[in-house]
Amino acid sequence: MKINFTGNDIILDDVKCLNLDLTLDCGQAFRWEKQPDGSWSGAADGVFLNIKNEEGRFILKNTTKENFETIWRRYFDLDRDYEEICARLKSDALLSATVDEYYGIRILNQNSWEALCSFVISQQNNIKRIKGIIKKLCQTYGEALENGFYSFPDAKRLCSLSISDFEALGTGYRAKYLARLSKAVASGEIDLDKIKILSLDEARKELLKIYGVGTKVADCALLFGFGFYDAFPVDVWMKRVMAHYPDGLPACFDGISGIAQQYLFHWARNNL
């Protein structure tokens, strides 16, 4: 990857295996919006970004070098060798063609708090509605950024809200989960940073102690917000996929089963 700083923009050349449409709209993040010019706008860690792929060059508009190095480099997982990973996954019969068809899906390294809240909201919900609820949450309690985007409110901002406050956002029965979760994180009862340094099994056990968090929500949060690339979320689509693996996941998935899951999930949604 080559990094060029041009005026207020950052231009990335020779980035392998990054498809913005597939990565930003595959159900792992809910605050990215595609623009009329084909670019994507979103926010992470309280910073707005517009990013576009122009003939293989990725342009990050109005981005400082500091924000690129401290946020976006890790967020888009730019230092991981996805070419090697995809080649390895293609040794599996089902993924052999799937990786080629949907080449460019990456795991986004999201903020742990935002990912956990987002997947609590995602329970028994469709993507359009999830995005709407999260957008309203940010507009109501986040800080204004640029171009109509807002930061994701932290636990200290949300811990004083009542269940009815969360219900007013359209969260439904999930309101009581969010209210209790906000208070627990704000008070330190739940330490998200400590969970990051546990083993996958121990981290999952800790998240499952949280009111309203089941196995699927825990694994999604672990994969997309805590850096556990071996987490393998199983929803209704993935249950169908697992019929293709009666003997369990293949060895080529070891350590990167979460990346494999994203390819399989996308294949399932388009083919089953």
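This is a predicted model: local features need pLDDT of at least 70, side-chain atom pairs count only at pLDDT 80 or more; totals for chains, interfaces and linings use all residues.

Begin by selecting glutamate 54, which counts as partly exposed at 37% relative accessibility; buried means under 20% relative accessible area, exposed over 50%, and partly exposed in between, with a 1.4 Å probe and protein chains only.

Residues are numbered from 1 along each chain as its sequence is written, and side-chain values use heavy atoms, with hydrogens and water left out.

Next, select strand E5 (residues 47-54), which is joined to E4 by five bridges and runs antiparallel to it; helices (H or I, at least four residues) and strands (E, at least two) are DSSP runs numbered from the N terminus, and two strands pair if DSSP finds at least two bridges between them. Across this pairing, serine 41 stands opposite asparagine 50 in E5, and in the hairpin of E4 and E5, with two residues between the strands, aspartate 45 takes a positive phi near 50°.

Now select strand E4 (residues 40-44) itself: five of its five residues are buried, so the strand is largely enclosed by the rest of the structure. Trp40, Gly42 and Ala44 point one way from E4, whereas Ser41 and Ala43 point the other way.

Since lysine 34 lies in strand E3 and aspartate 21 in helix H1 (residues 20-24), the pair ties together parts that are 13 residues apart in sequence.

Show glutamate 33 as well, because it forms a salt bridge with lysine 135, and, as glutamate 33 lies in strand E3 and lysine 135 in helix H6, this pair ties together parts that are 102 residues apart in sequence.

Follow helix H6 (127-141) to the loop between it and helix H7 (155-158), where serine 151 has its place. Is serine 151 buried or exposed? Serine 151 is buried, with a relative accessible area of 10%, and its side chain reaches the backbone nitrogen of glutamate 143 at 2.8 Å.

Then select helix H3 (residues 82-89), where Tyr82, Ile85, Cys86 and Leu89 are buried. Seen down the axis of H3, the buried residues fall within an arc of 95° (taken from the directions from the helix axis to the C-beta atoms), so they line one face of the helix. These buried residues pack against helix H4 (93-101) and helix H14 (257-271), contact meaning heavy atoms within 4.5 Å.

Finish with the largest nonpolar core, which has 71 residues, Leu89 being among those with the most contacts inside it; such a core is a set of buried Ala, Val, Leu, Ile, Met, Phe, Trp, Tyr and Cys residues joined through side-chain atoms within 4.5 Å. A second, separate core of 22 residues includes Val47, Phe58, Phe68 and Leu108.

Methods
A polar contact is a pair of N or O atoms within 3.5 Å; within protein, one must be able to donate a hydrogen and the other to accept it, and residues adjacent in sequence count only if both atoms are side-chain atoms. A salt bridge is a side-chain nitrogen of Lys or Arg within 4 Å of a carboxyl oxygen of Asp or Glu.
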